[in-house]
Amino acid sequence: MKSREMIEAELDCTSKFDVHNVVDIGVWQGGSVALFDCVFRPDKLVAVEYSTRDLPHLEAYVDRCSRQDNVRLCKGISQANISRFGELLDAEFGNEKIDLAIDDASRQYLETMLSFNLVFPRMSEGGIFVIEDWQWSTMEPHYNSDHFKGKEGLANLVLQASCPAPVARTLFVK
């Protein structure tokens, strides 16, 4: 679902870092999970998806590449349910820091802010938090659509997150 340009831009910024622990929020069909696992070979990659639908291609990848101990697919978890999401992060990572977090989930301000505020403090120094598709509220066809009508623009979170001098880097990819 991502263009080659998007993938190359994201990998150009992230592949220069030593990545051991990854959180991928909003996996849709699982292509990014497989890509990030291939590129980084992390010790742990936790993929969080709100939908409970089957993801046979992702499950086949994990089996074929013997990555069951490294890649965890956690379905039925909303990024806004910080209690459940937090319990998952505690169970999967304990006190270990997260080196890379990718949020490609709701594209909604409140939901993204809640998961950002939960995950960001768990990031390693120099870690990268990517918020994808945040620019919708800056483009008239999107902010006038029924899906986003009356919703606060995700671009507001980009501005809020980039104002302080955070310990971890924050990368925003459209």
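These exercises work through the fold, cores, strand pairing, aromatic rings and loops of one predicted protein model.

The model is predicted, so local features need pLDDT of at least 70 and side-chain atom pairs count only at pLDDT 80 or more, while totals for chains, interfaces and linings use all residues. Residues are numbered from 1 along each chain as its sequence is written, and side-chain values use heavy atoms, with hydrogens and water left out.

**Exercise 1. Outline the fold**

Task: State how many helices and strands the protein chain has, and in what pattern they follow.

Solution. 
- Step 1. Take helices as DSSP runs of H or I with at least four residues, and strands as runs of E with at least two, numbered from the N terminus.
- Step 2. The count is seven helices and six strands.
- Step 3. Along the sequence the pattern reads α-β-α-β-α-β-α-β-α-β-α-α-β.
- Step 4. Define contact as heavy atoms within 4.5 Å. Among contacts with a separation of 6 or more, 71% join residues 24 or more positions apart.
- Step 5. Call a residue buried under 20% relative accessible area, exposed over 50%, and partly exposed in between (1.4 Å probe, protein chains only). Of the 174 residues, 48% are buried.
- Step 6. Compute accessible area by the Shrake-Rupley method with a 1.4 Å probe; for residues, only the protein chains shown count as cover. The chain exposes about 9200 Å², and carbon and sulfur atoms supply 52% of that area.

**Exercise 2. Find the cores**

Task: Identify the largest nonpolar core and the elements that give two or more residues to it.

Solution. 
- Step 1. A nonpolar core is a set of buried Ala, Val, Leu, Ile, Met, Phe, Trp, Tyr and Cys residues joined through side-chain atoms within 4.5 Å.
- Step 2. The largest has 23 residues, and Phe85, Leu89, Val119 and Phe129 have the most contacts inside it.
- Step 3. Two or more residues come from each of strand 1 (21-25), strand 2 (44-49), helix 4 (82-93), strand 4 (98-103), helix 5 (109-119) and strand 5 (123-132).
- Step 4. Helix 5 gives the most, with five residues.
- Step 5. A second, separate core has 19 residues, including Val19, Ala34, Tyr61 and Ile102.

**Exercise 3. Classify the ring pairs**

Task: Classify the pairs that link Phe116, Phe120 and Phe129.

Solution. 
- Step 1. Rings of Phe, Tyr and Trp (its six-membered ring) pair if their centres lie within 6.5 Å; planes under 30 degrees apart are stacked, over 60 edge-to-face, the rest tilted.
- Step 2. The count comes to three aromatic pairs.
- Step 3. Phe116 and Phe120 have ring centres 4.8 Å apart and planes at 25°, so this pair is stacked.
- Step 4. Phe116 and Phe129 are edge-to-face, at 4.8 Å centre to centre and 80° between the planes. Phe116 sits in helix 5 and Phe129 in strand 5, 13 residues apart.
- Step 5. Check burial. Phe116 has a relative accessible area of 8% and is buried; Phe120, at 18%, is buried. Phe129 is buried as well.

**Exercise 4. Inspect the loops**

Task: Describe the backbone and exposure of Arg41 and Ser66.

Solution. 
- Step 1. Arg41 lies in the loop between helix 2 and strand 2. Its phi is near 45°, positive in a residue other than glycine.
- Step 2. Arg41 has 41% relative accessible area and is partly exposed.
- Step 3. Ser66 lies in the loop between helix 3 and strand 3. Its phi is positive, about 50°.
- Step 4. Ser66 is exposed, at 54% relative accessible area.
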